Amino acid sequence: MVMQYTPQTFKENSAEALADDTIRNNFRGAMDFLQAKRATVLPDKAAFDVSSKRGEAIKLRCLVKLPELLEKLEDQCKANGIHVHWAETCEQATQIIDDIITAKNGSKVVKGKSMVTEEIGLNDYLAEQNIDCIESDMGEYIVQLGGETPSHIIMPAIHKNVEQIAELFAERVPGVEYTTDVNSLIKVGREQMRQLFLDADVGISGVNFAVAETGTLCLVENEGNGRMTTTIPNTHIALTGIEKVIEHLADVPPLLELLTRSATGQLITTYVNMISGPRKVDERDGPEEVHLVLLDNGRSQAYADEELRKTLACIRCGACMNACPVYTRIGGHAYGTVYPGPIGKIISPHLIGLEDSKDLPTASSLCGACEEVCPVNIPIPSILQRLRVETNKKSSSAAKIMRGEGSGRSFIEALGWKGWAFFAVHPALYRMGTWFATRGRKLIPTFNNPWTVSRSMPKLAAKSLREQLKERG
Amino acid sequence: MSDFIKQYPAKPKKVYLYGTCIIDVVAPNSGLDAIALLEREGLEVVYPQGQTCCGQPAFNSGYSDEARNVAKAQMAQFPEPWPIVILSGSCGGMLRKHYPRLLANDPEVEAFSQRVFEFSEFLVHVLNIQLDDLGEQQRVAIHTSCAGRRELGIHDAGVSLLKQLKNIELVDYAYEAECCGFGGTFAVKHSDISTAMVEDKARHLSEANVDCYISSDWGCTLNINGSLEHQNMSLRGDYLASFLRQRTDVNNISHCAVSPSDKRDER
């Protein structure tokens with residue numbers, strides 16, 4: 001079993017990742033590649049600004065109406081013959097899925113790529129119930145074969161280079177010899193997959209957009225495994241977070257255009273599935289039963305606050321990861337959360353609570369590269385700043401905004417900022433402070449601190465600018 | 001972020017200078033150079049003695065209440081309707097972008113923020129400054145702070161100023177738009193990650209084989225120069241205003257700064 005990381009040990013995880021040249025090179029190379037591909041389909045900044053404004057407007061409109069749209073989605077799905085289930089927690093979601101599989105006497109499950117199934121820990125749960133659940137997305141298949149978790153929401157196995165994948169296949173797939181030929185490796189995966197699709201009792205997928213108006217579940221993919229997973233097995237279960245609901249069918253094209261360009265640098269993906277119900281009487285294929293499981297898991301907490309709600313506008317393209325100077329260096333596993341990178345830092349506190357994720361909002365220089373590439377303009381740096389406020393605030397009996405708020409408050413740090421602010425609002429005191437500091441600069445001891453481990457200490461000037469200008473008159 | 005059109009005023013007679021706390025105590029000569037350039041353009045520069053710090057360190061650390069008090073105190077120091085020229089994109093972003101969010105209920109904050117201009121954008125867009133380069137042939141690179149680049153959109157202003165210098169070759173380098181890893185308390189709270197970022201920045205700048213790099217933000221410069229010095233690499237960064245003054249002032253021609261903080265400041 002490969003080491004599983006947790007967000008509580010983020011600092012240790014990131015130090016370990018930074019020391020690993022293979023991880024550093026794999027991620028930097030892959031992220032550069034993804035960014036370059038994105039640039040080929042979004043060459044015009046002004047045009048991107050226009051389309052991302054439109055995307056933002058659509059998602060914010062749908063979020064404002066979220067409760068109403070979810071009810072509408074339920075009604076329309078039911079009218080289409082889709083069974084709809086509500087899960088407030090991960091445990092409820094796994095139980096619902098387990099019950100559906102059990103009712104079908106299912107023992108074999110094939111899964112399309114879905115981060116929400118990672119969120120509820122579905123693979124491990126089903127394994128405990130002695131249900132075989134195999135990933136059909138190539139990246140997810142590699143990750144599952146290695147006993148790992150995805151390191152990127154779009155490219156789950158991006159932390160591995162070809163040699164590492166070749167070794168894994170040779171070791172874990174019966175009858176496969178070591179080869180670094182990518183086409184041969186993909187062929188191996190495909191051959192394994194083909195029979196799985198035919199044997200599976202149940203197919204489980206995620207959802208990219210759930211259209212309230214028509215009860216349509218949109219699923220975007222490149223390998224065809226999503227289509228196989230949702231059409232060959234007799235039962236299809238789609239699992240999604242409640243924020244994926246959009247109002248109109250006409251909202252799909254502008255969002256889809258942003259999603260594929262931002263995620264993989266494609267004008268369109270090879271497959272765009274629009275699932276509108278089970279097989280009808282005169283149809284030759286498709287599942288007999290379709291279920292939609294809608295998961296909350298902390299999302300309504302984000303929804304309740306106008307600023308934090310913007311977190312839910314995310315269409316999960318992963319562009320923020322590719323652009324992030326922190327993610328690029330430490331990779332996805334170091335975060336210890338299902339969703340890594342900038343979006344992971346702002347969504348995870350709602351999913352698992354701030355107490356367990358309090359090191360994540362601070363792990364950013366607030367450089368804004370994520371916001372710059374976000375196709376729906378989520379103000380990630382501002383939300384990170386807000387989460388820092390929530391982490392540091394004094395716990396009170398007042399209505400809680402977030403689970404775990406105030407859990408990162410340090411008495412010393414709070415006192416320090418109070419003292420600092422006192423100086424900064426009293427210019428005479430501040431002047432005196434800088435006078436003493438500049439006069440006594442040679443006396444200030446140089447001691448080892450987190451700054452000086454890698455940088456020389458700034459030297460204070462002999463006389464401050466203020467003083468020099470005062471003398472000048 | 002890019003949905004606003006910035007309105008620039010006509011050339012004023014008087015401007016306020018917001019010197020920033022870093023320049024105040026670490027690099028006062030950078031402030032004097034900026035003032036000299038503004039005065040050379042015929043402006044009267046007013047430096048309110050009561051200014052301290054913009055409040056960004058507390059704000060970015062998640063202490064909004066403390067930052068709010070500091071922000072209010074700063075606003076009170078600039079009562080006249082003159083433009084406020086600020087010597088940092090990072091602090092500029094704080095005054096221009098974050099004050100309106102932080103002081104959302106203050107009726108005066110919008111008008112105040114609209115008066116704030118980062119030094120290089122003020123030279124280009126308000127003063128339409130024309131520079132006559134008197135220095136020798138040099139290769140330089142530019143590092144624009146993330147706030148300057150993404151919150152204020154002023155990277156182009158710095159570039160256009162350097163491009164006016166006829167004996168300067170402005171060199172592109174790898175990952176130019178990437179953060180240097182400073183980020184205030186981030187550099188201390190996540191020292192390992194910050195170090196990895198600044199070491200990459202120092203390497204990419206060094207590999208550009210330039211005489212010096214130019215920045216209009218002392219926060220980034222202290223970080224990058226500090227890393228370069230720690231690694232015994234010879235490259236150093238210079239402050240944009242100082243560099244421009246040195247290259248265009250007949251009495252003041254000199255070369256790139258060679259120390260992590262301006263040597264002149266230590267006298």
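Author: This is a predicted model. The C-alpha centres of domain 1 of chain B and domain 2 of chain B lie 21 Å apart.

Reader: Which residues does the domain assignment give to each domain of chain B?
Author: Domain 1 of chain B covers 14-126, and domain 2 covers 138-266.

Reader: And how many residues does each domain of chain B bring to the contact?
Author: Domain 1 of chain B gives 29 residues and domain 2 of chain B gives 28 residues.

Reader: Which helix supplies the largest share on the side of domain 1 of chain B that touches domain 2 of chain B?
Author: That's H2(B), with seven residues. Other helices of chain B that supply at least two residues each include H1 (21-25) and H5 (89-102). By class, this side of domain 1 of chain B has 12 nonpolar, 12 polar and five charged residues.

Reader: Switching to chain A: at what angle do H3 and H12 pack?
Author: Helix H3 (residues 45-64) and helix H12 (residues 252-264) of chain A pack at about 120°, and their axes are 9 Å apart.

Reader: Why do H3(A) and H12(A) count as oblique?
Author: Their angle is about 120°. Roughly perpendicular stops at 115 degrees and roughly antiparallel needs over 145, so H3(A) and H12(A) are oblique to each other.

Reader: Is their crossing left-handed or right-handed?
Author: H3(A) and H12(A) cross in a left-handed way.

Reader: Nice. Which residues meet there?
Author: From H3(A), Ser51(A), Ser52(A), Arg54(A), Gly55(A) and Ile58(A) meet Pro254(A), Leu255(A), Glu257(A) and Leu258(A) of H12(A). The contact of H3(A) with H12(A) has four nonpolar, three polar and two charged residues.

Conventions:
Residues are numbered from 1 along each chain as its sequence is written. Chains are lettered from A and ligands numbered from 1 in the order in which they are written. This is a predicted model: local features need pLDDT of at least 70, side-chain atom pairs count only at pLDDT 80 or more; totals for chains, interfaces and linings use all residues. Axes are lines fitted to C-alpha atoms, for helices over the stretch in contact, and angles run from 0 to 180 degrees between N-to-C directions. Helices (H or I, at least four residues) and strands (E, at least two) are DSSP runs, numbered from the N terminus. Angles under 35 degrees count as roughly parallel, over 145 as roughly antiparallel, 65 to 115 as roughly perpendicular and the rest as oblique. A crossing is left-handed if the near helix is turned anticlockwise from the far one by less than a right angle, and right-handed if clockwise. Two residues are in contact if their C-beta atoms, placed from the backbone, lie within 7 Å. Ala, Val, Leu, Ile, Met, Phe, Trp, Tyr, Cys and Pro count as nonpolar, Asp, Glu, Lys and Arg as charged, and the others, Gly among them, as polar. Domain bounds come from an automatic or database domain assignment.
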